[in-house]
Amino acid sequence: MNVRKIIMLFCVTAMLISCGGSKKATTASRTKTVSPRKTGVSREVKTVKKPKETAKKPLANVSYKEKVQNYIFEYASIAKHEMVEYGIPASITLAQGILESGAGYGELTGKANNHFGIKCHDWTGDRVYHDDDRSQECFRKYEKASHSFRDHSLFLKNRKRYAKLFTYKQDDYKSWAYGLRAAGYATDKKYPVKLISIIERYQLDAYDAEVLGKSYVAEKPKKPQKKEIPPSRNGEYVVQKGDTLYSISRRYNLKVAELKAYNNLKDNAIAIGQVLKLEKPEDDTDEF
């Protein structure tokens, strides 16, 4: 084989090697530039919005009493802490919270964490608008319920019109209840009675005693007293308002006819203050 043929063979071999390398390079290049298909990971990336705060929905078959008891369980410790810090009876704070917030289920409480119905006044924080005495009044909005309890304490403590409240004893919840109404906290004339009723029904004053380090004895509900029978003197009875011959006869185990005979009555008419004889006169021999 001459030199010329050897050179030609070398060139052909070199060209074949070069073509094979370029194909591999091209294939590699194409592999790198191919866009990856969508994967499960990419499909999992979502934007999640924070749920809006909504009012508590009453649970089925949950009585108002159970709602109140749950409210007390959840917020009693906060009310006691506020009593220690600011001197407001825990019983009053809890009773107001229960009354104003509907035991935590009120619309205003649900959308604003406002447990005491405090309006904006000089408030610079968040606010909501809610129908109250007038349409769409401005109310304070809180991030947490505990913030509402603290603002309630400051609201009473820092306003001159409530200063008299702090002259009352911390376990005198009745004076506090009437004092709140007198100072203008609420327009409802029955507001004090409602607070006192809640406190006594759920024995919220026990928390006042706990904070003050006093022993607590629950007051037994007073039984309705029976109407006392006016005493008779020397066998006589003075007619009271509402008396009839029949009621008097039953009271003293007599017959109406006996009463009429003892007192020479022709009919059943009697008058307030009239003195009736309850015994047969000694000289009277009539029989019945």
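**Reading the predicted model**

A: Threonine 93 is buried, with a relative accessible area of 1%; buried means under 20% relative accessible area, exposed over 50%, and partly exposed in between (1.4 Å probe, protein chains only). This is a predicted model, in which local features need pLDDT of at least 70 and side-chain atom pairs count only at pLDDT 80 or more, while totals for chains, interfaces and linings use all residues. Residues are numbered from 1 along each chain as its sequence is written, and side-chain values use heavy atoms, with hydrogens and water left out.

Q: Where does threonine 93 lie, and with which residues is threonine 93 in contact?

A: Contact means heavy atoms within 4.5 Å. Threonine 93 belongs to helix H4. Neighbours within four places in sequence aside, its contacts are Ala79, Ile88, Phe116, Phe149 and His152.

Q: How many helices and strands does the chain have?

A: Helices (H or I, at least four residues) and strands (E, at least two) are DSSP runs, numbered from the N terminus. Here the chain has 11 helices and 4 strands. Of its 288 residues, 32% count as buried. Of the contacts between residues at least 6 apart in sequence, 53% join residues at least 24 apart.

Q: What is the accessible surface of the chain?

A: Accessible areas come from the Shrake-Rupley method with a 1.4 Å probe; for residues, only the protein chains shown count as cover. The total for this chain is about 20800 Å², and carbon and sulfur atoms account for 53% of that surface.

Q: What is the mean pLDDT of the chain, and where does pLDDT stay under 50?

A: pLDDT is the predictor's confidence in each residue, from 0 to 100. The chain has a mean of 79, with 70% of its residues at 70 or more. Residues 21-55 stay under 50, and the model has 8 contacts for them beyond four places in sequence. Residues 284-288 are also below 50, with 6 contacts in the model beyond near neighbours in sequence.

Q: How many residues has the largest nonpolar core, and which have the most contacts inside it?

A: A nonpolar core is a set of buried Ala, Val, Leu, Ile, Met, Phe, Trp, Tyr and Cys residues joined through side-chain atoms within 4.5 Å. The largest one here has 38 residues, and Tyr162, Leu180, Tyr185 and Leu204 have the most contacts inside it. At least two residues of this core come from each of helix H3 (64-86), helix H4 (90-101), helix H6 (145-157), helix H7 (173-182) and helix H8 (191-201). The most, 8 residues, come from H3. Another core lies apart from it and has 9 residues, including Leu245, Ile248, Leu276 and Leu278.

Q: Which residues does leucine 180 contact, and which does tyrosine 185 touch?

A: Beyond four places in sequence, leucine 180 meets Ile92, Gln96, Leu156, Tyr162, Leu165, Tyr185, Ala186 and Leu195. Tyrosine 185 sits in the loop between H7 and H8 and is buried, at 13% relative accessible area. With residues up to four places away not counted, tyrosine 185 touches Gln96, Glu100, Phe116, Ile118, His152, Phe155, Leu156, Tyr162, Leu180 and Tyr191. Tyrosine 185 and leucine 156 are 29 residues apart along the chain, and their C-alpha atoms are separated by 9.3 Å.

Q: Which backbone oxygen does the side chain of tyrosine 185 reach?

A: A polar contact is a pair of N or O atoms within 3.5 Å; within protein, one must be able to donate a hydrogen and the other to accept it, and residues adjacent in sequence count only if both atoms are side-chain atoms. The side chain of tyrosine 185 reaches the backbone oxygen of phenylalanine 116, at 3.0 Å.

Q: How many salt bridges does a search of the whole structure find?

A: A salt bridge is a side-chain nitrogen of Lys or Arg within 4 Å of a carboxyl oxygen of Asp or Glu. The search finds 11. One of them joins arginine 159 to aspartate 122 (3.3 Å, N to O). This pair links distant parts of the chain, 37 residues apart: arginine 159 is in the loop between H6 and H7, and aspartate 122 is in the loop between helix H5 (107-112) and strand S1 (127-130). Arginine 159 is partly exposed, at 22%, whereas aspartate 122 is exposed, at 57%.

Q: Which residue forms a salt bridge with aspartate 188, and which residues are joined into one network?

A: Aspartate 188 pairs with lysine 194, their closest N and O atoms being 2.6 Å apart. Aspartate 243 and arginine 251 also meet in a salt bridge (3.4 Å, N to O); aspartate 243 is buried, at 12%, and arginine 251 is partly exposed, at 26%. Through shared partners, salt bridges join Asp122, Arg140, Asp151 and Arg159 into one network.
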